[in-house]
Amino acid sequence: MKKVIGALGLSTLTWAITQTTHFQLHEYELPLLPPGTLKDSQRGKDDFRILHISDLHMIPGQKKKVSFVSGLADLEPDLVINTGDNLSDTRAVPWVLDALGPLLNVPGAFVFGTNDYWAPKPVNPLKYLTGGKRTPSYVDLPWEGMRAAFIERGWHDATHKRLEFKASGVRLALAGVDDPHHDLDDYSKVAGAPNPDADLTIGLLHAPYRRVLDAFESDGYQLALAGHTHGGQICLPGRRAIVTNADIDRKRASGLHRYGRMWMEVSPGLGQSKFAPVRLFCPPTAMLLRVVERSS
């Protein structure tokens, strides 16, 4: 019996490791735009496409991930949102830029997570299941150069900023905070209702913590985008998260959900720490939101 249990454990672990490269795309439709918004859209299509990328946790040599992410440009997104944790190695910035290359030609905005600022450190992967907050390594990653490259290509840094710009004819009002997971957020810097003339209002944060989500919802944002949870990373069948690594409930660890009067979409992410290279019943996933006009 011990041999059988051991064999099952080994096969599960092997499968969980192989799942880290089984990249997927999830699509959702959201009726948020005022009637007539897309009539004059430069693209002449009946949706506004938001591609949400999160938690790349890039390591040099991850060619499958680079190929998958760069290929997402074929979806013709109108806006790319990156909610952080791009890095898992000090040498990974060129690989991140290769992956995002064609997407950097699309209007975009980003906030960072603590795994952009500080390198990962060895941990027991099963410790993730305790839900405890781990102390960062405080070993600096080269995030400044990555941020500069994003901005040089036209993406907006939304960290503690309120942004307004147009993409494909849609007037956007965005606000973002730094990573709430390690208390880097300061919502007071972006507090207040978004511009009422905007067609679409979005709040950005790396980790879905309720104090920030509550603030976005109270201020009247239509949509909040977050990552960080990895969808649970080690899940039960059916993508049922055991922990979220934040204070959001487990049923909303990934996917599109209501959050009061606001919609919230949490990305399962496309990577994981190089010291915990497993995903169980939770494959790496990019998210595409097809925002359409609401009925009159």
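# Briefing: salt bridges and fold of a predicted model

K274 and D89 form a salt bridge, with their closest N and O atoms 3.0 Å apart (a salt bridge is a side-chain nitrogen of Lys or Arg within 4 Å of a carboxyl oxygen of Asp or Glu). K274 lies in the loop between β13 (262-266) and β14, and D89 in the loop between β3 (79-82) and α3 (93-100), so this pair ties together parts that are 185 residues apart in sequence. The model is predicted: local features need pLDDT of at least 70, side-chain atom pairs count only at pLDDT 80 or more, and totals for chains, interfaces and linings use all residues. Residues are numbered from 1 along each chain as its sequence is written, and side-chain values use heavy atoms, leaving out hydrogens and water.

**Overall fold**

- The protein chain has six helices and 14 strands (DSSP runs numbered from the N terminus: helices are H or I with at least four residues, strands are E with at least two).
- The radius of gyration is 19 Å, in agreement with the value near 19 Å for a compact globule of 296 residues (taken over C-alpha atoms; the globule rule is 2.2 Å times the number of residues to the power 0.38).
- The C-alpha trace spans about 65 × 35 × 35 Å along its principal axes.
- Of the contacts with a separation of 6 or more, 76% join residues 24 or more positions apart (contact means heavy atoms within 4.5 Å).

**Surface and charge**

- Of the 296 residues, 54% are buried (under 20% relative accessible area; exposed is over 50%, partly exposed in between, with a 1.4 Å probe and protein chains only).
- The accessible surface is about 12,700 Å², and carbon and sulfur atoms hold 54% of that area (Shrake-Rupley method, 1.4 Å probe; for residues, only the protein chains shown count as cover).
- The chain carries 34 positive and 32 negative charges, whose mean positions are 8 Å apart (Lys and Arg are positive, Asp and Glu negative, His and chain ends not counted; places are NZ of Lys, CZ of Arg, CG of Asp or CD of Glu).

**Salt bridges**

- The structure holds twelve salt bridges.
- E27 and R290 meet through their side chains in another salt bridge, at 2.8 Å from N to O.
- E27 sits in strand β1 (residues 24-33) and R290 in strand β14 (residues 285-293), so the pair links parts 263 residues apart in sequence.
- E27 is partly exposed, at 42% relative accessibility.
- A network of salt bridges links E27, D47, R49 and R290.
- R252 pairs with D249 in a salt bridge of 2.9 Å, N to O.
- R252 is partly exposed at 22%, and D249 is partly exposed at 32%.

**Buried loop residues**

- D199 is in the loop between β7 (170-176) and β8 (200-204).
- D199 is buried, at 7% relative accessibility.
- Leaving aside residues up to four places away in sequence, D199 touches L32, L33, P34, T37, G169, V170, R171 and Q222.
- H57 occupies the loop between β2 (48-53) and α2 (63-71). H57 is not a glycine, yet has a positive phi of about 45 degrees.
- H57 is buried, with a relative accessible area of 2%.
- H230 belongs to the loop between β9 (223-226) and β10 (235-236). H230 is not a glycine either, and has a positive phi of about 55 degrees.
- H230 is buried, at 8% relative accessibility.
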